[in-house]
Amino acid sequence: RLQNYNLNRELEEQLSDKVYSLLMLIRKESSNLGIKAYLVGGMVRDLFLKRSNQDMDVVVEGDGLKLAKHLQEKYGGQLRYHEKFGTAAWRHPSNIKVDLISARTEFYNYPGALPEVEKSTIKEDLFRRDFTFNAMAISLDKEQFGTLLDFFHGYEDLLEGKLKILHNLSFVEDPTRILRAIRFESRLGFAMDSQTEGLAKQSANNLLTVSKSRIANELKRLFIEEDPVYGVKRMAELGVLPFLLNTLESRNIINIRIKRLSRYIITLKKEGITLDSVWISFLLLLTPLKREKDKLWLYSLNKGDQMLLEDLYELVKDNPLEKKYPDLLGDWHQHFSGISIETMLVFITLLPEETSLKGLKYILSREKMQKKVTGADLKQFGLQPSPKFKELLLNAEALQLNNPELSKEKILEKIIQ
Ligand code: CTP
């Protein structure tokens with residue numbers, strides 16, 4: 001056990017100069033105000049794992065807001081705070097973000113509710129957290145600087161690769177922790193201990209009480225991890241899929257689609273095509289594709305991501321399963337050239353096998369295509385950029401997809417008649 005071990009050397013060696021000097025600064029200012037401050041959460045965990053982490057979470061015994069305001073007044077940067085919850089986010093001019101909160105215990109009036117909070121000691125504050133390895137703190141006190149507080153054996157669990165909740169109601173109080181647990185398993189190759197896993201299964205239905213935007217946010221974080229397929233597999237194993245985003249489809253169908261999507265992503269990767277945001281494809285696949293009222297959770301996505309979803313709604317609007325899809329890749333292009341690869345992948349995953357494979361072929365050809373005719377070529381013919389211009393370029397691409405052997409001159413000849 002490392003309780004009370006001094007980690008100053010590790011802090012100095014492993015954190016960037018910017019982060020370390022910011023800790024020293026908090027040490028000085030909190031001591032001037034007679035306040036005790038602690039570094040907690042992800043940054044402490046990642047210090048042991050030797051992983052970089054730029055998000056600084058600081059817990060203060062006493063008035064966290066007072067320290068936050070003082071820091072901002074003295075050193076500048078931006079401050080946002082929530083008087084009622086005693087939380088503050090300070091962005092230091094060096095661009096590092098520090099979350100400062102007053103040590104608190106939380107009460108939940110009902111599962112999934114936002115907690116009522118009350119000021120407390122650091123130990124109580126750590127006890128309300130998700131997993132033992134996220135419940136360690138490092139003192140930023142003037143005299144004790146660098147001392148580890150590890151009341152719940154987090155370090156031991158970290159060494160054993162074990163994800164463990166701190167008390168039996170943890171997942172009931174905050175069901176999003178089930179998704180967080182899967183995320184950490186996925187990222188770190190850790191595993192929940194059997195009691196934690198059992199409680200995760202038992203509490204899965206409480207996810208129904210959580211707002212869609214919080215769920216979407218957690219899913220996004222899960223799917224951003226290197227292996228999103230692992231995330232979905234674990235969600236299925238723990239029985240959480242039926243309680244997410246009111247998916248209307250049966251678990252079986254979702255499983256088939258997810259497997260297909262992962263296969264397609266692997267195929268694309270082998271061909272050297274990587275997606276900017278794989279996560280959104282997985283997220284889209286878990287959402288109800290028709291019901292308007294379920295769009296609420298959408299508002300947690302940024303504008304660009306919302307557009308991807310809107311595109312998908314548009315594509316599936318009039319029964320895509322009953323449609324006849326074209327044979328020629330160029331014809332696919334006429335329909336789908338404006339649809340992003342992420343949305344397109346989800347869309348074809350929904351289609352019957354044969355059509356779906358054709359769709360995949362289209363995506364592959366489209367993404368690998370070296371366009372032979374460009375805007376510059378059209379300008380040489382005296383054409384000016386205009387909607388017509390765009391149409392000609394699209395025709396050129398479609399022709400090339402249908403007949404990759406066709407020379408640039410032949411394509412130009414065919415499109416400008
Ligand atoms: N936390 C918690 N329960 C939650 C969310 C957060 O107890 N549902 C606590 C954990 O102690 C966690 C800290 O708040 O370490 C910070 O949370 P967050 O920034 O969401 O996650 P990190 O643990 O820093 O993970 P990541 O590395 O993915 O940012």
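Which residues in α14 meet which residues in α16? L308, D311, L312 and L315 in α14 meet E342, T343, V346 and F347 in α16, where contact means that C-beta atoms, placed from the backbone, lie within 7 Å. This is a predicted model, in which local features need pLDDT of at least 70, side-chain atom pairs count only at pLDDT 80 or more, and totals for chains, interfaces and linings use all residues. Residues are numbered from 1 along each chain as its sequence is written.

**Domains**

- The chain is divided into domain 1 (8-160), domain 2 (162-244), domain 3 (277-368) and domain 4 (375-415); the bounds come from an automatic or database domain assignment.
- The centres of domain 1 and domain 4, taken over C-alpha atoms, are separated by 59 Å.

**Ligand shell**

- Around the ligand are G41, G42, N53, D55, D57, R129, D130, N134, D174, T176, R177 and R180; a residue is near a molecule or strand if its C-beta atom, placed from the backbone, lies within 6 Å of it.
- Helices (H or I, at least four residues) and strands (E, at least two) are DSSP runs, numbered from the N terminus.
- α8 provides the largest share of the shell, three residues.
- The shell has no nonpolar, five polar and seven charged residues. Ala, Val, Leu, Ile, Met, Phe, Trp, Tyr, Cys and Pro count as nonpolar, Asp, Glu, Lys and Arg as charged, and the others, Gly among them, as polar.
- Domain 1 and domain 2 each supply at least three residues to the shell.

**Helices α14 and α16**

- The axes of α14 (residues 303-316) and α16 (residues 341-349) come within 9 Å and cross at roughly 35 degrees. Axes are lines fitted to C-alpha atoms, for helices over the stretch in contact, and angles run from 0 to 180 degrees between N-to-C directions.
- α14 and α16 make a right-handed crossing; a crossing is right-handed if the near helix is turned clockwise from the far one by less than a right angle, and left-handed if anticlockwise.
- Five nonpolar, one polar and two charged residues form the contact of α14 with α16.

- α15 (residues 329-336) packs against α19 (residues 387-402) at an angle of about 150 degrees, with the axes 7 Å apart.
- α15 and α19 are therefore roughly antiparallel to each other; angles under 35 degrees count as roughly parallel, over 145 as roughly antiparallel, 65 to 115 as roughly perpendicular and the rest as oblique.
- L329, G330, H333 and Q334 in α15 meet L394, E397, A398, L399, L401 and N402 in α19. These residues divide into five nonpolar, four polar and one charged.
- The axes of α19 and α20 (residues 408-415) come within 10 Å and cross at roughly 130 degrees, so this pair is oblique.
- L392, N395, A396, L399 and Q400 of α19 make the contact with I411, K414 and I415 of α20.

Definitions and conventions: Contact = placed C-beta atoms within 7 Å.
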